[in-house]
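I opened the notebook to record what I looked up in this structure.

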Amino acid sequence: MPIDAAKALAADPRLGDIGWDHKDIQLYHLGLGAGRPATDPDELRYTLESKLHVLPSFATVAGAGMAMMGGLAAPGIDINLAHVLHGGQSIELHRPIPVKGRATSTARVAALHDKGKAAVVVLRTEVADADGPLWTSDAQIFVRGEGGFGGERGPSVREELPERAPDRVEERHIREDQALLYRLSGDWNPLHADPEFAKTAGFDQPILHGLCSYGMTLKAVVDTALGGDVSRVRAYRTRFAGIVFPGETLRIRMWQESGRVLVSVTAVERDDAPVLADTVVEHA
């Protein structure tokens with residue numbers, strides 16, 4: 001069988017040393033569209049080293065990110081990467097991410113769910129530095145055609161949005177070159193840069209990274225609903241519901257509740273086609 005659940009779950013975790021500094025933080029923020037207007041004091045918190053804070057979604061690229069692909073090479077998992085989709089992402093922050101750091105990353109397969117015609121692999125990465133835990137990140141990887149191995153179906157997490165109008169609606173334009181800049185933070189998949197490769201994958205043009213939409217959305221929530229304070233973010237999760245193309249515009253709707261913000265993200269130019277769903281930012 002391509003997936004041996006017992007072997008994958010019992011495998012030793014993969015350990016690695018990661019490091020980052022202000023240049024990595026600034027590059028990541030610029031890849032999300034930060035710095036417009038360039039001299040705006042609120043934007044300088046993302047772009048100027050003397051004022052820098054760290055958007056928590058940086059955890060998905062810290063140390064060049066892409067632990068996801070390494071996790072899919074774990075014992076017990078033998079799959080065709082062409083059948084892989086990033087289904088969802090969550091981050092739990094144990095404390096604010098420092099501007100410069102060195103840490104140990106521990107990655108393992110935390111769960112395997114059998115959806116019948118597909119499998120969902122949950123890859124968990126725990127990161128800690130000399131002062132203790134920093135964050136825990138879960139990537140939910142959807143693998144077409146790899147179900148039927150006899151596992152549990154797993155949870156189906158859905159967030160019902162309030163029936164009332166959103167408390168805030170923000171629009172964030174995606175620059176034509178944004179995917180080219182974002183990929184410099186570690187995701188080199190040609191799907192996001194090469195038109196010919198994108199056509200072989202069934203798209204008319206390269207698509208934006210899902211994790212770029214993920215970071216753009218968190219930035220919009222922090223800058224508006226959380227008063228620009230990244231340290232208030234405790235956890236952030238989403239389900240990738242659709243694609244978005246460079247040059248399009250994200251419409252980000254927010255509903256504020258006690259201790260959390262519910263979010264819906266759609267593509268404006270395609271009749272509000274879903275981009276991110278079941279999206280929640282938990283905060284102090």
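**Ground rules.** I am working with a predicted model, in which local features need pLDDT of at least 70 and side-chain atom pairs count only at pLDDT 80 or more, while totals for chains, interfaces and linings use all residues. Residues are numbered from 1 along each chain as its sequence is written, and side-chain values use heavy atoms, with hydrogens and water left out.

**Sheet.** I looked up the strand order and found an open sheet of 10 strands, E1-E3-E4-E5-E2-E7-E10-E9-E8-E6, with antiparallel pairing. Strands (E, at least two residues) and helices (H or I, at least four) are DSSP runs numbered from the N terminus; two strands pair if DSSP finds at least two bridges between them. E1 and E6 (168-173) are at the edges with a single partner strand each, so one side of each has no neighbour in the sheet. From one strand to the next the twist averages 20°.

**E2 and E7.** Glu 92 stands opposite Ala 235 in E7.

**H7.** Which strands does H7 lie across? I noted E2, E6, E7, E8 (249-257), E9 and E10 (273-283), with H7 running at about 140° to E7. Axes are lines fitted to C-alpha atoms, for helices over the stretch in contact, and angles run from 0 to 180 degrees between N-to-C directions.

**H2.** In helix H2 (residues 22-31) I listed Ile 25, Gln 26, Tyr 28, His 29 and Gly 31 as buried. Buried means under 20% relative accessible area, exposed over 50%, and partly exposed in between (1.4 Å probe, protein chains only). These buried residues pack against E1 (14-20), H3 (41-47), H5 (178-182) and H7 (210-224). Just after H2, Gly 33 has a positive phi of about 95°.

**Thr 266.** I found Thr 266 in strand E9 (residues 260-267). Is Thr 266 buried or exposed? Thr 266 counts as buried because its relative accessibility is 7%. Its side chain makes polar contacts with those of Arg 253, at 3.3 Å, and Asp 272, at 2.7 Å. A polar contact is a pair of N or O atoms within 3.5 Å; within protein, one must be able to donate a hydrogen and the other to accept it, and residues adjacent in sequence count only if both atoms are side-chain atoms.

**Leu 9.** Leu 9 lies in helix H1 (residues 5-10). I logged Leu 9 as partly exposed, because its relative accessibility is 43%. Leaving aside neighbours within four places in sequence, Leu 9 is in contact (heavy atoms within 4.5 Å) with Val 109, Ala 110, Ala 111 and Leu 112.
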